[in-house]
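Here is a briefing on one protein model. Look over the sequence and the structure before reading on.

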Amino acid sequence: MNNEMRKLGFYVFVSNAVYMRDVGKNTVLIVEAEMPDRKHIPSHGVYVYTFYKAQYLNEKLIRYKVYAERVSIRYCLMKVKKQVAFLKTHEIIQ
């Protein structure tokens, strides 16, 4: 996961758990992993991932959009790749 996220331009903050990529002056894409409680461990792995975009103003969260919530690593990575491709197509990021 770390190598794939680096290829997509994300910084690895916590290995296999937290990734971030700046999209604009106040906007960032974030992927976070969490370990669900023992009753809800998914069949696809130990962690579930959430992918979202957050916008800040004066270091305060003002808006966010969730693209994938509590999903498998494969599904999350697919969503991240799709969003990065969209942003590149529209020349929002390089």
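This is a predicted model: local features need pLDDT of at least 70, side-chain atom pairs count only at pLDDT 80 or more; totals for chains, interfaces and linings use all residues.

The protein has two helices and five strands. From the N terminus on, these elements run α-β-β-β-β-β-α. The five strands form an open antiparallel sheet, and helix H2 lies across E2, E3, E4 and E5.

**Overall dimensions**

- The C-alpha atoms fill a box of roughly 40 × 30 × 20 Å along the principal axes.
- The radius of gyration is 14 Å. A compact globule of 94 residues would have a value near 12 Å, so the protein agrees with that expectation.
- Buried residues account for 35% of the 94 residues. The cut-off for buried is under 20% relative accessible area.
- The accessible surface comes to about 6700 Å². Carbon and sulfur atoms hold 50% of that surface.
- Take the contacts between residues at least 6 apart in sequence: 34% of these join residues at least 24 apart.

**The sheet**

- What is the strand order? It is E1-E2-E3-E4-E5, with antiparallel pairing.
- Strand E1 (11-14) and strand E5 (60-71) are the edge strands. Each of these pairs on one side only.
- From one strand to the next, the twist averages 20°.
- Strands of a sheet pair through backbone hydrogen bonds, in either a parallel or an antiparallel way.

**Strand pairs**

- E1 and E2 pair over three bridges, in the antiparallel sense.
- Within that pair, Tyr11 has Met20 of E2 as its bridge partner.
- E2 (residues 18-22) is joined to E3 (residues 27-34) by five bridges, again antiparallel.
- Met20 also has a bridge partner in E3, namely Ile30.
- E4 and E5 run antiparallel and are joined by eight bridges.
- In this pair, Gln55 stands opposite Arg63 of E5.

**Hairpin turns and positive phi**

- E1 and E2 form a hairpin with three residues between the strands.
- Asn16 is found in the loop between E1 and E2. Asn16 has a positive phi of about 60°, although it is not a glycine.
- Is Asn16 buried, partly exposed or exposed? Asn16 is partly exposed, with a relative accessible area of 35%.
- The hairpin of E4 and E5 has two residues between the strands. Asn58 in this hairpin takes a positive phi near 55°.
- Glu59 lies in the loop between E4 and E5. Glu59 also has a positive phi, about 65°, and is not a glycine.
- Glu59 is exposed, with a relative accessible area of 80%. The cut-off for exposed is over 50%, so Glu59 falls in that class.

**The nonpolar core**

- In soluble globular proteins, nonpolar side chains tend to be buried together.
- The largest nonpolar core here has 19 residues.
- Which residues have the most contacts inside this core? They are Met5, Phe10, Val31, Phe51 and Val80.
- E3, E4, E5 and H2 each supply at least two residues of the core.
- H2 gives the largest share, five residues.
- Val80 is in contact with Met5, Leu8, Phe10, Val31 and Phe51, leaving aside its neighbours within four places in sequence. Among these partners, Met5, Phe10, Val31 and Phe51 are also on the list of residues with the most contacts inside the core.

**Helix H2**

- H2 covers residues 73-89. E4, one of the strands that H2 lies across, covers residues 48-57.
- H2 runs at about 130° to E5.
- Ala85 has its place in H2. Ala85 is partly exposed, with a relative accessible area of 39%.
- How far apart are Ala85 and Leu8, in sequence and in space? They are 77 residues apart in sequence and 9.3 Å apart in space, C-alpha to C-alpha.

Note on methods
Residues are numbered from 1 along each chain as its sequence is written. Side-chain values use heavy atoms; hydrogens and water are left out. Two strands pair if DSSP finds at least two bridges between them. Helices (H or I, at least four residues) and strands (E, at least two) are DSSP runs, numbered from the N terminus. Axes are lines fitted to C-alpha atoms, for helices over the stretch in contact, and angles run from 0 to 180 degrees between N-to-C directions. Contact means heavy atoms within 4.5 Å. The radius of gyration is taken over C-alpha atoms; the globule rule is 2.2 Å times the number of residues to the power 0.38. Buried means under 20% relative accessible area, exposed over 50%, partly exposed in between (1.4 Å probe, protein chains only). Accessible areas come from the Shrake-Rupley method with a 1.4 Å probe; for residues, only the protein chains shown count as cover. A nonpolar core is a set of buried Ala, Val, Leu, Ile, Met, Phe, Trp, Tyr and Cys residues joined through side-chain atoms within 4.5 Å.
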